[in-house]
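This report covers the nonpolar core, the charged pairs and the surface of one protein.

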Amino acid sequence: MEGELTHRDSTGRATLVRAGDLQHLSAASGVRHVERNDGDAPLTFVQMWLAPLSFDGEPAYEVVRGHGGDLTYEVPGATLRVHRLEKDERTPLPDGDFAYVHVTRGTVRVGTEDLAPGDAARATDEKGLTLLATGDAEVLVWEMRRPAV
């Protein structure tokens, strides 16, 4: 969200993640990592964890650089959508098994609930929900699916 995050891990990767970047680390069968602020400016970021569908395989790492608009990012069992909305703009929330909304900037309304930076909302088996920006806003929306049985 702001500042620069330095990432180092046991696979030998060392990257700098900047505001607007998206970082994805899948620990899989195991990885050790360190993330910290090596810069002079304050660092603010959001870290979200999802339970893996399996614990085998090799660790994976990716940085998606500097997306300025909306972004959709797929991982097994879930989809992350980053929405950057102007005041009074609307976007539908996914009709998935589970949805998780996290406000990183600005203010939004989900149904009758007003949300501000740091606020979150969860929905289970909901259909037809809409996200309304009540001010310019940035929102992370996870759509998660139930594992196949």
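The sections below go from the model's basis to its core, salt bridges and surface.

## Basis of the model

The model is predicted: local features need pLDDT of at least 70 and side-chain atom pairs count only at pLDDT 80 or more, while totals for chains, interfaces and linings use all residues. Residues are numbered from 1 along each chain as its sequence is written, and side-chain values use heavy atoms, with hydrogens and water left out.

## Nonpolar core

A nonpolar core is a set of buried Ala, Val, Leu, Ile, Met, Phe, Trp, Tyr and Cys residues joined through side-chain atoms within 4.5 Å. Buried means under 20% relative accessible area, exposed over 50%, and partly exposed in between (1.4 Å probe, protein chains only).

The largest such core has 13 residues, and L93, V101, V108, L115, L131 and V139 have the most contacts inside it. At least two residues of this core come from each of β9 (98-105), β10 (108-110), β13 (130-133) and β14 (137-144). With three residues, β14 gives the most. Strands are DSSP runs (E, at least two residues), numbered from the N terminus.

## Salt bridges

Side chains of opposite charge can pair when their charged atoms come close. A salt bridge here is a side-chain nitrogen of Lys or Arg within 4 Å of a carboxyl oxygen of Asp or Glu. The whole structure has 12 of them.

R81 and E143 form one, at 2.9 Å from N to O. This pair links distant parts of the chain, with R81 in strand β7 and E143 in strand β14, 62 residues apart. R81 is partly exposed at 23% relative accessible area, whereas E143 is buried at 14%. Salt bridges with shared partners join R8, R36 and D38 into one network. Within it, the closest N and O atoms of R36 and D38 are 2.8 Å apart. R36 is partly exposed at 44%, and D38 is partly exposed at 40%.

D9 and R13 also meet through their side chains, at 3.6 Å from N to O. D9 is buried at 10%, while R13 is partly exposed at 28%.

## Surface and loops

D70, E86, E89 and D136 form a negative surface patch. Patch residues have over 30% relative accessible area and no salt bridge, with like charges joined within 9 Å. E89 lies in the loop between β7 (78-85) and β8 (90-92) and is partly exposed, at 33% relative accessibility.

R32 sits in the loop between β3 (22-26) and β4 (33-36). R32 counts as exposed because its relative accessibility is 65%. The C-alpha atoms of R32 and S10 are 5.2 Å apart, although 22 residues separate R32 and S10 along the chain.

Methods. Patch = residues over 30% accessible without salt bridge, like charges linked within 9 Å, V, L, I, M, F, W, Y side chains within 5 Å. Areas by Shrake-Rupley, 256 points an atom, 1.4 Å probe, with all protein chains shown as cover. Lys, Arg positive; Asp, Glu negative; His and termini not counted. Charge placed at Lys NZ, Arg CZ, Asp CG, Glu CD. Helix = DSSP H or I, 4+ residues; strand = E, 2+ residues; numbered from the N terminus.
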